[in-house]
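Please keep the sequence and the 3D view side by side as you read.

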Amino acid sequence: MREFDYDLDYKSLDLRAQPELYRVGRGEQGVLLVEPYKSEILPHWRFATPDIARESSEVIYQMFLDYLADDDFVGADMARKFIQMGYTRARRYANHKGGKKYKGAVPDDKKGQSGAHGREELPRQEEDPVKAASARIFKAKWDECRENEDYLRMKKEHRERYKDVE
């Protein structure tokens, strides 16, 4: 698997017009970088309560299906990443009041990338049942994305089509 390329100038790229530049990477890599999808999906991404998470996950899942119907794998994968991020962020807030998982700030050269980056992980607190419920809602939608046969086919085709593009 080719890693997500953090060196591209995402502020000036339209990956709908240049899908050959898109790399799936791992997990949520690039979720807040890849345009125009970030701007299309981010306004709908919320997880504060189960009701908000349900509405958000359903809207974003419908976007996922619409991107698939439009034969837009990059859009579908970005919608999947936002749904996955709904799960992971809600879980983080369920485990860490205020959502702070690591001690200290993200190093300047690692902003926009996920991970500890050498920082100490803060201890978990008593689970917040509201955020845990929000996480379960997003997890169910994330599972639907990962099991979608059209998505799986398009992901394989995208990787094959662009495996030699540098």
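**Starting from helix α2**

The buried residues of α2 are Ala53, Ser56, Ser57, Ile60, Tyr61, Met63, Phe64, Tyr67 and Leu68. Seen down the helix axis, these buried residues fall within an arc of 155°, so they line one face of α2; the arc is that of the directions from the helix axis to the C-beta atoms. An α-helix has 3.6 residues a turn, so residues three or four places apart point the same way. Here, buried means under 20% relative accessible area, exposed over 50%, and partly exposed in between (1.4 Å probe, protein chains only). On the other side of α2, Asp51, Glu55 and Ala69 are exposed.

Before going further, a word on the model: this is a predicted one, in which local features need pLDDT of at least 70 and side-chain atom pairs count only at pLDDT 80 or more, while totals for chains, interfaces and linings use all residues. Residues are numbered from 1 along each chain as its sequence is written, and side-chain values use heavy atoms, with hydrogens and water left out.

Helices and strands are DSSP runs numbered from the N terminus (helices H or I, at least four residues; strands E, at least two). Helix α2 covers residues 50-69, and its 20 residues reach 28 Å from the first C-alpha to the last, close to the 28 Å expected at 1.5 Å a residue. That expected span is 1.5 Å times one less than the number of residues. What covers the buried residues of α2 includes α1 (37-41), α3 (73-95), α4 (129-147) and α5 (149-161).

Now look at Lys141, which sits in helix α4. Is Lys141 buried or exposed? With a relative accessible area of 17%, Lys141 is buried. Leaving aside residues up to four places away in sequence, Lys141 touches Ser57, Glu58, Tyr61 and Ile83, where contact means heavy atoms within 4.5 Å.

Helix α3 deserves a look too. Of its 23 residues, 17 are buried, so α3 is largely enclosed by the rest of the structure. The end C-alpha atoms of α3 are 33 Å apart, which agrees with the 33 Å that its residues should span at 1.5 Å a residue. In the loop between α3 and α4 you will find Glu126, which is exposed at a relative accessible area of 76%. Glu126 and Asn95 are 31 residues apart in sequence and 6.6 Å apart in space, C-alpha to C-alpha.

Two backbone details are worth a visit. Most residues other than glycine have a negative phi, and most peptide bonds are trans. Asp71, in the loop between α2 and α3, has a positive phi of about 60° although it is not a glycine. Asp71 counts as exposed, at 59% relative accessibility. In the segment before α1 lies Pro36, and a cis peptide bond with omega of about 10° joins Glu35 and Pro36.

Finally, step back to the whole. The protein has 5 helices and 0 strands, running α-α-α-α-α from the N terminus on. Of its 166 residues, 40% count as buried. Among contacts with a separation of 6 or more, 67% are accounted for by residues 24 or more positions apart.
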